[in-house]
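Hi there,

Here is the structure I promised to send over. Have a look at it first, and then read on for my notes.

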Amino acid sequence: MANEAEETVRKLSTHKGVAGVIVVNGEGIPIKTTLDNHVSVQYAGLMTALVDKAKAVVRDLDPSNDLTFLRIRSKKSEVMVAPDKEFILIVVQNPVE
Amino acid sequence: MPSYIKSVYEYTKLRRNFGRQPLFQDVSAQMIDSINPNIAYQKDYILRNPVNREVQATLPQSQNEINTKTLVIREQGINHTEGGWPREVHLYNEEHLIRHRRRVMHEDNYIHAIKKLAPMMEHYVDQNNAINIYETYFDDMQSQVAVEKYNVRVANVFRDSYKRPISCLSWTNEKIPKLAVSYSDKTCTLNSEIYRNNDCYLWDICKQTEPFSKLQPDGPCWQLACSPIHPELLIGGLANGVVNVFDIRESANAISRSTIYNSHRGPITALLFTHSRTNTEFFTGSPDGQCLWWDFRNLSKPLDHLPMSVKIPVGQEPNLSNAEGVSSLEFDHALPTKFLCGTESGLVINVNRMGRSHSEILTSYWNTHSGPVRAVHRSPCTIRMFLTCGDWTVRVWSEEVRTAPIIVTKPYNNQVTDASWTPLRFSSYMAICEGGNFYYWDFLRKYREPVATLKVSKYQLTRLTCHSEGKSVAIGDINGSVFLVQLSENMVIPGNHDKQLMSQTYERETRREHILDARLKEIRLKIRAEEETPTTMTMPDESSNEENLIQITEQQYFKIVKDELHQLVTKTTPSNESISQF
């Protein structure tokens, strides 16, 4: 079972354009990451705060609604965040063209 | 807590430095001194009555200062580089970290979470790989110029409770203009309906329930004009030929009137302000055939008068008996000494006030309509072009061409009651007709039919006046309602090359008429020449043979007819229109 999870993360990181995959737990610790430690820690800390804020926005506008996905497009890359109840899956991808 | 200021002073002193204690004895009273009152002094004083004593009654007040406990605030930042680790895991111990991580990875929650989130993530990663969803499409396309959409709508309606037909409308010349409206039935004779209400109203365009103020002229008011510089002065021309000056600040009645002996002998059908240094002069026209010039400061007699006689029979002086009744006047500030006059017989006379003799003053005239000329208006763009409206048509004329209008449009279904050029847009004009319709024409966009029409009222429309900014148009009808119509932006502002194109149109049409005119003259001359030659030829034949005479005249007749027909065929169709002027 744990292997399956490992496999999934590995497969995701080998997708075209993907620069890194980070799994962050509820306390902000990067559990599984394919990037350097300090980068992962930065992503973990910053993303947790942003995801909480985004969730709050969505819930405030409509209490029956919930955040499913978050995408941040920047000049150099795109960060995609999939929140869960306890964990956050972060993928950093570079645009192909 | 700050300490109190002590109001106690302690000191130590030896007992022996105190001094002897006082010992008291009981002694009987002894008179030491007696001073008697001095009567003389008493005389220097009198009893004071009344006694002035100042007393002050105030609230007992006291001042006290208090303050709360001071709060000491300090700002401090925390640098959280890494956190969230449970207490037993030391940050710098790699082993601990790895072990903790391993533990979490084996949890059920973790595996489920990864399993759930991964497919969604994959989908989006693939999506990004497939297409760039963030590009701006059509970035390099130029924005197109918006298509002109003509829109005319009725913004407001001002109704007269007495339902009197509107005889004249005028905008006041102030920043927030008001509408001056005069009501009178132009078809009524002077004597009837003396009890009819003659009030003229001044409407504030934002308030449609009741007029801003009322004017009470002495009789039915046929024309109204607002002073160009004083927004409170209004001039009214009445049905009995008298002119009234109103000042709305002062009273509703006229502040000065012209005497009936010195004024027109018929109702005043046109009233306009002229150019003068003091801006106090105006002139009026009436069906009695004369134009009178006045200064509103002194209405006791007119400054000047001019009988409008153009068709003077031989041997007579120009006077009122051979004058044409005036039905409309037009004055443009660009030509201060000239004006146009529309008459009841359908002529438009060009008047030059600086002429010395009567024929120099009334320089030229045009046969415009078969009925009274209801409106004459010069184009603000090309001064030498003017439009006239009357009977069922609106025609555009040029000052240079005498014989025919330069632009003719299809006749309307009903009689046209008023028309005017738009003040800012060079190629457009507006017309209203008796069917209750408002037409807006633009010669540069559509030549054959109006660009916009609007059925304003189910009653006949009587007057039209456009505000000098071009956006609002006031239209009056026969039932007492004034409609405020607003035009869309593109009908107010001229296009980029409009002025140029319109003057080109004017040039072209004028040239066409000139050419046609010249050609007609040629034909006429030719015909006249041919008429003369047959007379010289028949003279000798007359004496000899009658039959021969008939034959020869027949031949000549047929030759002339054939020539005529031949020329008619070779010419283009517009000539047919102008030949009707023959």
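A polar contact here is a pair of N or O atoms within 3.5 Å; within protein, one of the two must be able to donate a hydrogen and the other to accept it. Please keep in mind that this is a predicted model. With that rule, 14 residue pairs, both at pLDDT 80 or more, are in polar contact across the interface of chain B and chain A.

Which parts of chain B face chain A? Two elements, α2 (94-105) and α3 of chain B, each give two or more residues to the side that touches chain A. The largest share of that side comes from α3(B), with 18 residues.

On the interface as a whole, 32 residues of chain B are in contact with 38 residues of chain A. The two chains bury about 3200 Å² between them, and 64% of this is on carbon and sulfur atoms. There are also three salt bridges across the interface of chain B and chain A. You can find E4(A) and K115(B) joined by a salt bridge between their side chains, at 2.8 Å from N to O.

Something else to look at is a nonpolar surface patch of about 660 Å² on chain B, made by I131(B), I133(B), Y134(B), Y137(B), F138(B) and M141(B). Of these, M141(B) sits in the loop between α3 (108-130) and β1 (152-158) of chain B. Is M141(B) buried or exposed? With a relative accessible area of 57%, M141(B) is exposed, because exposed means over 50%.

Best wishes

Note on methods: Residues numbered from 1 in each chain as written. Chains lettered and ligands numbered in written order. Predicted model: local features only at pLDDT ≥ 70, side-chain atom pairs only at ≥ 80, totals over all residues. Heavy atoms only, no water. Patch = residues over 30% accessible without salt bridge, like charges linked within 9 Å, V, L, I, M, F, W, Y side chains within 5 Å. Areas by Shrake-Rupley, 256 points an atom, 1.4 Å probe, with all protein chains shown as cover. Salt bridge = Lys/Arg side-chain N within 4 Å of Asp/Glu carboxyl O. Helix = DSSP H or I, 4+ residues; strand = E, 2+ residues; numbered from the N terminus. Buried < 20%, exposed > 50% of the residue type's maximum accessible area, 1.4 Å probe, protein only. Contact = heavy atoms within 4.5 Å. Buried area = accessible area lost by both parts, 1.4 Å probe. Polar contact = N/O pair within 3.5 Å; in protein donor to acceptor, adjacent residues only side chain to side chain.
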